[in-house]
Amino acid sequence: MSGFADRSVLVTGGASGIGRAAAIRFAQEGARVCVADLNGEGAAAVAAEIGASAVWVQADISTAQGNAQMVAAALGAGGTLDVAFLNAGYLGPMGGFEATDEELFDRHLAINLKGAFLGLKAVHGVVADGGAVVVTSSTAGLLGLHESPAYSAAKHGVIGLVKASTPAFAAKGARINAICPGGVETPMMGSADQAIVTPDMLRRVPLRGMGSAQQVAEAALWLASPAAAFVNGQAHVVDGGLLSTFVPAPVGP
Ligand SMILES: NC(=O)c1ccc[n+]([C@@H]2O[C@H](COP(=O)([O-])OP(=O)(O)OC[C@H]3O[C@@H](n4cnc5c(N)ncnc54)[C@H](O)[C@@H]3O)[C@@H](O)[C@H]2O)c1
C-alpha cells in the first residue's frame with residue numbers, strides 16, 4: 001500500500017490495541033503520525049517505538065479542549081491534517097440492561113459518541129482536500145450487544161453520526177467511514193468482564209476466534225488510503241464473519 005508518504009495522520013486511542021497497531025502501520029507507510037491518548041505514558045511509548053516521524057499528545061476525547069489539543073499536535077509545523085483515525089473508546093463493565101445505570105450510560109455516551117462528534121468537529125475545520133476520516137464503531141453498533149446496552153447504543157450512534165456527516169466532509173473534499181470490528185484481542189477485551197468472550201461466542205465466528213489489532217489496523221489503513229477513493233459514508237465490518245449469520249442472543253440463565 002502507498003499513499004501516506006509525508007501525510008499527516010492523527011490516531012486517537014493510539015497508546016494501545018487497534019490504535020497502536022494503526023499508528024505503527026501508518027508510520028511504516030511513510031506518514032507523520034500523532035499518537036493521541038488519555039494515557040500519555042502509553043502514547044509516548046508508542047511514539048518512541050515509531051521514532052522521529054511520530055509525536056504524541058495526552059488528551060481526553062470526551063472534551064472539546066482535548067480534541068483541539070490532539071488536532072493542534074497533529075497539525076504540527078506542517079499545518080495540515082490528511083487522515084484522522086478517531087478510534088479511542090471505552091467498554092466498561094458488562095452486566096446488561098439491569099446493571100446499566102444513568103452514570104454508566106452517560107459515560108459511554110460521553111466517550112464513545114460525544115467523543116466521536118467532538119473529534120469530527122475538531123477535524124472538519126482542518127482536514128485536507130483529498131483527506132480521509134475513519135471512526136471506530138463496532139459490530140455492537142450494528143446489532144445489540146445485550147451485555148452492554150450503553151456501549152451498543154453509543155456505537156450505533158457513531159455510525160449514524162458518520163453517515164450524517166458525510167456530505168459535510170465531502171464539501172471539504174474528504175471521505176469519512178466507520179469501521180466495525182468484531183471481537184479483537186486487545187487490552188480492552190482483556191480488562192473487561194471476560195463473560196463477553198465466551199467459547200460460545202468464539203464458535204460463532206466463521207473464521208474462529210478473535211481478530212488481531214493488526215487485522216483491524218490494515219482495514220483502517222485501506223479505508224484511509226487513496227485505494228478507497230470512492231468508498232464513503234459507510235460502516236465497514238471487520239469481524240471474521242461474526243455478523244454473517246443469524247444467531248439468537250441467549251435469553252435467561
Ligand atoms: N477490542 C475489541 O474487540 C473491539 C471491538 C469493537 C470495537 N472496538 C473499538 O475499538 C477501539 C479501540 O479499542 P481497543 O480494542 O484497541 O482497546 P484498547 O483498550 O486497547 O484501546 C483503547 C484506547 O483508548 C484510550 N481512551 C479511552 N478513553 C479515552 C479518552 N476519553 N480520551 C482519549 N483516549 C481514550 C485508552 O486509553 C486506550 O489506549 C474502541 O473504540 C473500541 O470501542 C474494539
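Author: We take salt bridges, then the ligand, then a surface patch. Keep in mind that this is a predicted model.

Reader: Start with charges. What is the general idea?

Author: Side chains of opposite charge can pair when their charged atoms come close.

Reader: How many salt bridges does the count come to?

Author: The count comes to 4 salt bridges.

Reader: Which residue does Asp82 form a salt bridge with?

Author: Asp82 pairs with Arg7, and their closest N and O atoms are 3.6 Å apart.

Reader: Is Asp82 buried or exposed?

Author: The cut-off for buried is under 20% relative accessible area. Asp82 has 9% relative accessibility, so Asp82 counts as buried. Arg7 has 39%, so Arg7 counts as partly exposed.

Reader: Now the helices. Where are the partners Arg20 and Glu49?

Author: Arg20 is in helix α1 (residues 17-28) and Glu49 is in helix α2 (residues 40-50). They are 29 residues apart, and the pair links distant parts of the chain. Their side chains meet in a salt bridge, at 2.7 Å from N to O. Arg20 is partly exposed at 31% relative accessible area. Glu49 is also partly exposed, at 47%.

Reader: What does Glu218 meet in a salt bridge?

Author: Glu218 meets Arg25, at 2.8 Å from N to O. Arg25 belongs to helix α1, and Glu218 to helix α8 (residues 213-224). These two are 193 residues apart, so read this as another link between distant parts of the chain. Arg25 is buried, with a relative accessible area of 11%. Glu218 is partly exposed at 29%.

Reader: Which residues are linked with Arg25 in a network?

Author: Glu29 and Glu218 are. Salt bridges link these residues and Arg25 in a network.

Reader: On to the ligand. How many residues surround the ligand?

Author: Begin with the shell, then look at individual contacts. The ligand is surrounded by 27 residues. The closest are Ser16, Asp37, Tyr151, Val184 and Thr186.

Reader: What is the make-up of the shell by class?

Author: The shell has 12 nonpolar, 12 polar and 3 charged residues.

Reader: Which helices each supply at least two residues of the shell?

Author: Helices α1, α5 (149-170) and α6 (187-191) do. The most comes from α6, which gives 3 residues.

Reader: How much of the ligand's accessible area does the protein cover?

Author: On its own, the ligand has 830 Å² of accessible area. The protein covers 92% of that.

Reader: Last, the surface. Which residues make the nonpolar patch?

Author: Leu142, Leu143 and Val237 make a nonpolar surface patch of about 240 Å².

Reader: Where does Leu143 lie?

Author: Leu143 lies in the loop between β5 (127-136) and α5. Its relative accessible area is 49%, so Leu143 is partly exposed.

Note on methods:
Residues are numbered from 1 along each chain as its sequence is written. This is a predicted model: local features need pLDDT of at least 70, side-chain atom pairs count only at pLDDT 80 or more; totals for chains, interfaces and linings use all residues. Side-chain values use heavy atoms; hydrogens and water are left out. Buried means under 20% relative accessible area, exposed over 50%, partly exposed in between (1.4 Å probe, protein chains only). Helices (H or I, at least four residues) and strands (E, at least two) are DSSP runs, numbered from the N terminus. A residue is near a molecule or strand if one of its heavy atoms lies within 4 Å of it. Accessible areas come from the Shrake-Rupley method with a 1.4 Å probe; for residues, only the protein chains shown count as cover. Ala, Val, Leu, Ile, Met, Phe, Trp, Tyr, Cys and Pro count as nonpolar, Asp, Glu, Lys and Arg as charged, and the others, Gly among them, as polar. Patches are made of residues with over 30% relative accessible area and no salt bridge: like charges are joined within 9 Å, nonpolar side chains (Val, Leu, Ile, Met, Phe, Trp, Tyr) within 5 Å.
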